[in-house]
Amino acid sequence: MYETPEELTALQRLLDDTFAASGQHLRSIITEERRLDAAGVVDRLRGVSTMALATVTARGEPRVAPVDAIFYRGRFLFGTTPNSHRFRHIRARPSVSATVFDGDRLQITVHGKATPVSPAEDPVFESLLIELYGQETWDKWMHGIPWARIDADKMITFADPAAAAP
């Protein structure tokens, strides 16, 4: 776990504020028993997750595609190639939505702004990436890809351990 007590507190506030502002329909599905708290989010998001990331084109059209996601210090981070459409979208229009999910067992959705970041500026994050992907992959190509952090305005969680595996 890389989150500080302050980051866990901020994450819990985000989760609580989002739930409090949610509509009746969402609250009828995501009941208190099905919500994850901050510690539960951190626990469920260890390692690399596949995240559906939505960006916005210049014409205002949504585009969604999968990316590897790392949950670190209470936020999602993701990387892709420098010339990808998604990074061009983010540089021009940083609003994003993203979801990590595992069937009906787990869904974590965020809405916010993507901010480009450099793993070289955070040696702990860089070490985590090397640990997760391996030194050879890092040295070969991964050290040069751009990364972004999602600064979430909203975060919605759903967990149902009784749901059947796909």
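Colleague: Why is Gly103 called partly exposed?

Modeller: Gly103 has a relative accessibility of 35%, and since buried means under 20% relative accessible area, exposed over 50% and partly exposed in between (1.4 Å probe, protein chains only), Gly103 counts as partly exposed. Its place is in the loop between β4 and β5, where helices (H or I, at least four residues) and strands (E, at least two) are DSSP runs, numbered from the N terminus. Please keep in mind that this is a predicted model, in which local features need pLDDT of at least 70 and side-chain atom pairs count only at pLDDT 80 or more, while totals for chains, interfaces and linings use all residues. Residues are numbered from 1 along each chain as its sequence is written, and side-chain values use heavy atoms, with hydrogens and water left out.

Colleague: What makes the pair of Phe71 and Phe76 edge-to-face?

Modeller: A pair of aromatic rings is described by the distance of the centres and the angle of the planes. Rings of Phe, Tyr and Trp (its six-membered ring) pair if their centres lie within 6.5 Å, and planes under 30 degrees apart count as stacked, over 60 as edge-to-face and the rest as tilted. Phe71 and Phe76 lie 5.0 Å apart, centre to centre, with 70° between the planes, and form an edge-to-face pair. Phe71, at 7% relative accessibility, counts as buried, and Phe76 is buried with a relative accessible area of 2%.

Colleague: Why is the pair of Phe78 and Phe87 called tilted?

Modeller: The ring centres of Phe78 and Phe87 are 6.1 Å apart and their planes stand at 55°, so the pair is tilted. Phe78 counts as buried at 0% relative accessibility, as does Phe87 at 1%.

Colleague: How do you know that Arg27 lies over the face of Phe19?

Modeller: A charge sits over a ring if NZ of Lys or CZ of Arg is within 6 Å of the ring centre and within 35 degrees of the ring normal. Arg27 lies over the face of Phe19 at 4.5 Å from the ring centre, and Arg35 lies over the face of Phe19 at 4.3 Å from the ring centre.

Colleague: What makes the link between the side chains of Thr99 and Thr109 a polar contact?

Modeller: The two side chains are joined at 2.9 Å, and a polar contact is a pair of N or O atoms within 3.5 Å; within protein, one must be able to donate a hydrogen and the other to accept it, and residues adjacent in sequence count only if both atoms are side-chain atoms. Thr99 has its place in strand β4 (residues 95-102).
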